[in-house]
Amino acid sequence: MDRIDKNTALNLLKNSDLLGLGERADNIRKNLHPDGIVTFIVDRNINYTNVCINKCRFCAFYRDVESPDAYLLDKDEIFRKIDETISLGGTQILLQGGIHPELGLDYYTNLLKSIKDRYSINIHGFSPPEVNYLAERHDITVRETLLILRQAGLDSIPGGGAEILSDRVREVLSPKKMRSSQWLNVMEEAHKIGMRTTATMMFGSVEEPEDIIEHLDAIRTLQDKTGGFTAFIPWSFQPRNTELAQKSAEAWGATAVDYLRVLSLSRIYLDNVRNIQASWVTQGLKLAQVALRFGANDFGSTMIEENVVRAAGVSYRVSKEDIIQAIKSAGFKAAQRDTYYNLIKEFF
Amino acid sequence: MLDSIRNKVLSGQRLTKEDAIALFQSDDIFDIGRLASHVAEKKNGKNAYFIVNRHINPTNICVNRCKFCAFSRSKGEEGAYELTVEEIIKKLRKGQRSRVKGHGFSEVHIVGGLHPDWPFEYYLNMLLTIKKEFPFIAIKAFTAVEIDYMSKLSGLGLEETLVELKKSGLDLMPGGGAEIFAEGIRNKLCPEKISGDRWLKVMEIAHRVGIKTNATMLYGHLESIGDRIDHLLKLRNLQDRTGGFQAFIPLAYHPKNTEIGGFYSSGIDDLKTIAVSRLVLDNFDHIKAYWIMLGEKVSQVALLFGADDIDGTIIEEKITHSAGAMTEEGMTREELIHLIKKAGKIPVQRDAFYNAIWTE
């Protein structure tokens, strides 16, 4: 099928009926994944610190260094969490924190090395804002920073921090955070040195439909160049406990219908990204099941631990068995995958 | 098959049992959803209804111990409770304080366990007291199961029992206790509960004495697709005779803390069940996507699969939450309006009888 352009996409996002859009996305998903397999990964989020200098207005997780509930996990604690992850069949940790002003590259390389010394586990870590911060702090290039981190044990990079890749929106949401071009630059450099990454989009806050299209287009354009994105993960802004929601009575967050619409459009627009994740963490299992018919082919992570969305008042606790059951009862075959979407265990 | 079903629906012909089975077995949720939406729009336009209401569960003490229920307790058991009429009034007063137009309760929904000691007069007194204090709140109370139980307490027949309740202030009855009519499954789920036939009998008499009711179906436990369809067809038959059902509400089973356990129904099954219900129950005006049980997210999407109502503010929901509901216990009027508008529908605040009392 022909690639759709930005205008067509905008029109679909604004004016199409949801069922028509969903059906189109569903057909694309079926063509890309004709075996009816829906994958998931067993992993754990390890948020090594909640201290962050960026203080994004949509975030309920960050704290100041001096805050009484600021934390920085010590190595033993991190090891304990990894032990638990491995014992539960986990193959990956998602290592991500705030931007802690007292931590330099040494901290990161040391942490990565000590994890890799002990464990054979994929480290999916440090979203572009963290990488970019380190490059600036040490006055080295992003490429150099990535090479140093990879040398120390970093395997792949999560797509967080993208929020909406439109500087107009970033100015409102996260004025201190990196601009869109910088986010894209970190990803491009990572892909160039052979690191795979995911891409995310957080919508449902203050963006306009045009901003969503700009975001999707930026991802598609970079993917044409590098092919380095393994998956695209749209999720919706969770308003509770955030500065943004307190300041704006209109910041409701996206509804289920909005979510399915954006998800479907993502599947249609990103014809060069193979996998689209449903976000049960933000949508709940039932809507995530529905999402599997609106373009998604992956159920994300079992999330042995998740802290960031939980801080915004949303907590759907589920086990690996719940995930498998949810995939099956939605009419699909469930399979555990690794970071790179290779199947490692089938449950059918 | 779907083509012939589409043609039937578009030309207003009634669907058969075989049609309904084919719909359930079809994977084409988009076509089914569109067809159901078409029917919903023919009946209610783009309207999606909600109500400012409150639930009250007078007691969780119940002589029946249904195996899918996580709410009921025996007398004296830990967690057992019973509300006095004064406590019920207090709960209602709290919500009525708001003087903003349209924000007071239009309806109170009262269902509870079958209490072993409460006399029939307790219920009559409850109704009378509520009506006296809040003459403008419609009382939607007591499932067919409770009515049957009360007819034993009163020693009156079903009809007279219902007439007495109506005289004391009962306006409407909810549709609970229907569960699934299929006898074999029903015996496994709730052996002590009245039979499906008895449930239908109570409803028939209620309609005859002028009490409108809802109807429900609990699905996603042990039943087959055939059981679901038989259930729908029995409701459709009775509705042909009485016209007394206002809304049909498919209820998604919740497995936590229940004796039969099992799993939650899938979101896809929930949407399909809404849509098939809309298509089969051609003589029902309203199909409700009860957000407490489906979750607010699936309920909202259900408005595009044939539902035209998402229930209301509820305030305090105990029964489904005992069985692991992941929803809030209540929603604000503004949240309900927002969900409906974002689904592309027109929010219409209704009273208990589906009269519009507010719209934008």
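This is a predicted model: local features need pLDDT of at least 70, side-chain atom pairs count only at pLDDT 80 or more; totals for chains, interfaces and linings use all residues.

Residues are numbered from 1 along each chain as its sequence is written, with chains lettered from A and ligands numbered from 1 in the order in which they are written.

**Stop one: the sheet.** Select β8, β1, β9 and β10 of chain A: in that order they make an open sheet of four strands with mixed pairing. (Strands are DSSP runs of E, at least two residues, and helices are runs of H or I, at least four, numbered from the N terminus; two strands pair if DSSP finds at least two bridges between them.) β8 (298-301) and β10 (343-346) of chain A each have a single partner strand, so one side of each lacks a neighbour in the sheet. On average, neighbouring strands here are turned by 30° against each other, direction ignored.

**Stop two: one pair.** Zoom in on β9 (333-337) of chain A, which pairs with β10(A) in the antiparallel sense over three bridges. Pick Arg337(A), and you'll find its bridge partner, Leu343(A), in β10(A).

**Stop three: where the chains touch.** Now show both chains: 22 residues of chain B are in contact with 23 residues of chain A, meaning C-beta atoms, placed from the backbone, within 7 Å. On chain B's side, α3 (29-44), α11 (267-280), α12 (291-302) and α14 (333-342) each supply at least two residues. α12(B) gives the most, with five residues.

Definitions and conventions
Two residues are in contact if their C-beta atoms, placed from the backbone, lie within 7 Å. Axes are lines fitted to C-alpha atoms, for helices over the stretch in contact, and angles run from 0 to 180 degrees between N-to-C directions.
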